[in-house]
Amino acid sequence: MNVESQYSLIFNAKPRWLVRGPGRVNLLGEHVDYNGGPVLPAAIDQAVWIAADVSKSELITLHALDLKEKITFAAEGLEKKLDINGRPLPTWAQYPAGVAWILSQNGYKIEGIQAVYSSNIPMGSGLSSSAAIEVAFAALWQMISGWDCDRLRLAQLCQKAENEYVGVACGIMDQFATACGVKDHALYFDTRSFEWYPIPLPKDTVIVIADSGMRRSLTHSAYNERRAACEEAVRLLKKFKPDITSLRDISPTEFAAYGEYLPALIKKRAEHVVKEIARVESAVNALRRDDTESFGALMFAGHASLRDYYEVSIPEIDVLVSLARNLPGCIGARMTGGGFGGCTVNLVWAAQVNDFIDGLERGYLEKTGKQAKVYVCHASEGTSVTCI
Ligand code: ADP
Ligand code: MG
């Protein structure tokens, strides 16, 4: 049953608003967003759907259908993170509540709403189910009250909500991609200047996502360790180039000259970042001249670097990438997201996608004894709100 019907069942009324908030996949530029580098994500057709209307009570009542949970909290006093009965907000509710909190804090009016929502973006697999929810609720509140705020700013506010309210140290890429997606396009997004533009994806190709089914708890400490290594590299490289503020300021040529003075582990981490940033620039040029083959090669190179230099891959993900390389229709493949499990992203010729998926599922089962969830995605438009 869709969210509109569920809304009618629960609230005994028709919803007024329908929101679609897409997930996102990153095609290239991994672990560069906290180094000021450019990324290349796309919004995808997996999405969260919200059916909603303004509530008469001025309270916010949410039904998270996938979790079979509901919550009611007031729009005022959100900093306490309590529901209407004085109980602490559960984590899932902190995503929409955090958005309400940050919007109010910044002077944007928040109406009481009643809403149901459901998503087919798998949770915690690197496709950004959390940002999809945040931006979808932000866009809903914006549409209801009609205040002026561009999509990039909305994304920044949602990132702040996740950082400061939920307490997750995420970058800006996820919220940006779900907010600003363009159908059939990847998004070049400079995480330092916030400039961005859409680039058409090659014709007759599809994005295939393969979920390894693996989720690792290590993610948090490893993420912090990688960030610290990058900061240390910047500190040490200042000896050669005093003005740098992030690894974005070091070109691959400079790195070839100075990198050898870094401790071995720091050098490996920094090498990934410096070259990954260069790969994103090369990938954009490849797309512009319709050089699909080079684009694919850059995806494979990006994966090898995440595996060998940044060391955030796992054997199951490596299996998916090496299987993909030899399957019909494969242009490029790599891990996507923070690492330590989750998904691979593959660019595949549309005409051969069925054979590709069959081969990948079969090969993964043979090699690991595990079932991968493999599905076709299309680059889709960003968050949208319609009056129904
Ligand atoms: P992801 O990589 O998918 O964004 P996160 O750990 O950042 O993973 O966010 C996942 C969290 O977002 C979930 O634990 C849950 O709190 C919230 N979330 C995701 N999908 C849903 C959903 N369908 N319904 C309610 N909450 C959700
Ligand atoms: Mg997330």
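Student: Where does ligand 1 sit?

Tutor: Quick housekeeping: this is a predicted model, so local features need pLDDT of at least 70 and side-chain atom pairs count only at pLDDT 80 or more, while totals for chains, interfaces and linings use all residues. Residues are numbered from 1 along each chain as its sequence is written, chains are lettered from A and ligands numbered from 1 in the order in which they are written, and side-chain values use heavy atoms, with hydrogens and water left out. A pocket here is an open set of points on a 1 Å grid over the protein atoms alone, where a 1.4 Å probe fits and there is protein on both sides within 12 Å along at least five of seven lines; a molecule sits in one if more than half of its atoms lie within 2 Å of its grid points. By that test, ligand 1 sits in the largest pocket.

Student: Which elements give two or more residues to the shell around ligand 1, and which gives the most?

Tutor: Helices (H or I, at least four residues) and strands (E, at least two) are DSSP runs, numbered from the N terminus. The elements giving two or more residues are helix H2 (91-105), strand E6 (113-119) and helix H3 (129-145). With three residues, the one that gives the most is H3.

Student: Which residues come nearest to ligand 1, and how does its shell divide by type?

Tutor: A residue is near if one of its heavy atoms lies within 4 Å of the molecule. Of the 15 residues around ligand 1, Asp66, Gly124, Ser128, Ser129 and Ser130 come nearest. For the types, Ala, Val, Leu, Ile, Met, Phe, Trp, Tyr, Cys and Pro count as nonpolar, Asp, Glu, Lys and Arg as charged, and the others, Gly among them, as polar. The shell splits into eight nonpolar, six polar and one charged.

Student: Is Ser313 buried or exposed, and which side chain does it contact?

Tutor: Buried means under 20% relative accessible area, exposed over 50%, and partly exposed in between (1.4 Å probe, protein chains only). Ser313 is in the loop between H9 and H10 and counts as buried because its relative accessibility is 15%. Its side chain makes a polar contact, at 2.7 Å, with that of Asp318.

Student: What about Tyr310: buried or exposed?

Tutor: Tyr310 is in the loop between helix H9 (292-308) and helix H10 (315-325). Its relative accessibility is 0%, so Tyr310 counts as buried.

Student: Which residue's backbone oxygen lies 3.1 Å from the side chain of Ser246?

Tutor: Ser246 is in the loop between helix H6 (219-237) and helix H7 (252-258). Its relative accessible area is 11%, so Ser246 is buried. The backbone oxygen 3.1 Å from a polar atom of its side chain belongs to Asn35.

Student: Why does the phi of Asp184 stand out, and what is its value?

Tutor: Most residues other than glycine have a negative phi. Asp184 sits in the loop between helix H5 (173-180) and strand E7 (185-190), and counts as partly exposed because its relative accessibility is 42%. Though not a glycine, Asp184 has a positive phi of about 65 degrees.

Student: And Asp204: buried or exposed, and what is its phi near?

Tutor: Asp204 lies in the loop between strand E8 (196-200) and strand E9 (205-215). Its relative accessibility is 60%, so Asp204 counts as exposed. Its phi is positive, near 65 degrees.

Terms used
On a 1 Å grid over the protein atoms alone, a cavity is a set of points where a 1.4 Å probe fits but cannot get out, and a pocket is an open set with protein on both sides within 12 Å along at least five of seven lines; lining residues have an atom within 4 Å of a point. A polar contact is a pair of N or O atoms within 3.5 Å; within protein, one must be able to donate a hydrogen and the other to accept it, and residues adjacent in sequence count only if both atoms are side-chain atoms.
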